[in-house]
Amino acid sequence: ITSVAVITVMFSLIKATSGAVPLGEQVFFRAFVPLLILALWFSMRGQFWVSVRTNRLKEHFFRSAFGGVAMVLKFLALGLLALPDVTALSFAMPLILTVLAALLLGETVRAFRITTVILGFVGVGIVLWPKLNFGTTQSEVIGITAILTSAFFVAMAMVYVRRLMGTEANYTVVFYQSLFISGASILTLPFGWSWPPMDVALMMIGSGVCGLVGQLLLTASLRHAPASVIAPFEYVAMLFAIGIGIFWFD
């Protein structure tokens, strides 16, 4: 639940900087700040190479690839839709994750868990329904498509996190995600990056810090409970998103 709160703040910071800097630059700051913090922390402890050592680089890559695509799509949606709408539509993820947990991880998914995610998905439908009309703007259609596609990629990333938790430390998983996504996003540098104003730069740095804390808490939760148990708790993000949407974004 704390992870969900911190990550909602992170997405709010991203929304606040949408339009001020290109999407690729937002993704880079979100990924590079955690990478820098973790690298400094490992080095200060004198355990850099021990902390990043892994025999599962391929799985880290796929986890990062799914997570990176999800991040780009969600950041795109944040620039096009209201924060509560993005959050509500993201709730397709717990349903997808519960299905994938049963299919790919062999987890036992009982009727109560299925009921919770179905009710959540009904909520997604209620939010989406008013927008399914001919008056919907092109930007809204793009935003809705992006966030629903993002939900699938987030669920796949969490499946890989659950698999990695058997042998990898929380911070190792987050380190490799940050490393791969930073490397990919910096390739967008020639496509119009700009020097951000101080307030925008601070918000993007803040998004990276919140992303690091949120990811560490999320990977810790997946170490201690099955993915299908964790998934429904994503729904509390709606409370945080409505509050922030009202008081920050009017």
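## Worked exercises: pockets, a buried threonine and aromatic pairs

About 150 Å³ of space lies in the second largest pocket. A volume here is the space filled by probe spheres set on grid points, which are joined across faces, edges and corners. This is a predicted model, where local features need pLDDT of at least 70 and side-chain atom pairs count only at pLDDT 80 or more, while totals for chains, interfaces and linings use all residues. Residues are numbered from 1 along each chain as its sequence is written, and side-chain values use heavy atoms, with hydrogens and water left out.

**Exercise 1.** Find which residues line the second largest pocket, and sort them by class.

*Solution.* Start with the term: on a 1 Å grid over the protein atoms alone, a pocket is an open set of points where a 1.4 Å probe fits, with protein on both sides within 12 Å along at least five of seven lines, and lining residues have an atom within 4 Å of a point. Next, list the lining: E25, F29, W193, S194, W195, P196, M198, A201 and I205. Two elements give two or more residues each, helix 2 and helix 10 (198–224); helices are DSSP runs (H or I, at least four residues), numbered from the N terminus. Helix 10 contributes the most, three residues. Finally, sort by class: seven are nonpolar, one is polar and one is charged. Ala, Val, Leu, Ile, Met, Phe, Trp, Tyr, Cys and Pro count as nonpolar, Asp, Glu, Lys and Arg as charged, and the others, Gly among them, as polar.

**Exercise 2.** Describe the largest pocket: what is its volume, and which helix gives the largest share of its lining?

*Solution.* First, the volume: the largest pocket holds about 180 Å³ of space. Then look at the lining of 14 residues, where G68, V72, I181, A184 and S185 lie nearest the centre. Helix 2 (23–44), helix 4 (57–78) and helix 9 (170–185) each give two or more residues to this lining. Helix 4 has the largest share, with six residues. By class, nine lining residues are nonpolar, five are polar and none is charged.

**Exercise 3.** Work out whether T87 is buried or exposed, and what surrounds T87.

*Solution.* Begin by placing T87 in helix 5 (residues 83–90). Its relative accessibility is 10%, so T87 counts as buried; buried means under 20% relative accessible area, exposed over 50%, and partly exposed in between (1.4 Å probe, protein chains only). Now look around: leaving out residues up to four places away in sequence, T87 touches A237, M238 and A241, where contact means heavy atoms within 4.5 Å. A polar atom of the T87 side chain also lies 2.9 Å from the backbone oxygen of L83.

**Exercise 4.** Follow F48 through its aromatic pairs: what is the geometry with W49 and with F175?

*Solution.* The structure holds 21 aromatic pairs. Rings of Phe, Tyr and Trp (its six-membered ring) pair if their centres lie within 6.5 Å; planes under 30 degrees apart count as stacked, over 60 as edge-to-face and the rest as tilted. For F48 and W49, the ring centres are 5.0 Å apart and the planes stand at 90 degrees, so this pair is edge-to-face. F48 and F175 are also edge-to-face, at 6.1 Å centre to centre and 85 degrees between the planes. F48 lies in helix 3 (residues 48–52) and F175 in helix 9, so their pair ties together parts 127 residues apart in sequence. To finish, check accessibility: F48 is partly exposed at 22%, W49 is exposed at 65%, and F175 is buried at 6%.

Technical notes
Polar contact = N/O pair within 3.5 Å; in protein donor to acceptor, adjacent residues only side chain to side chain.
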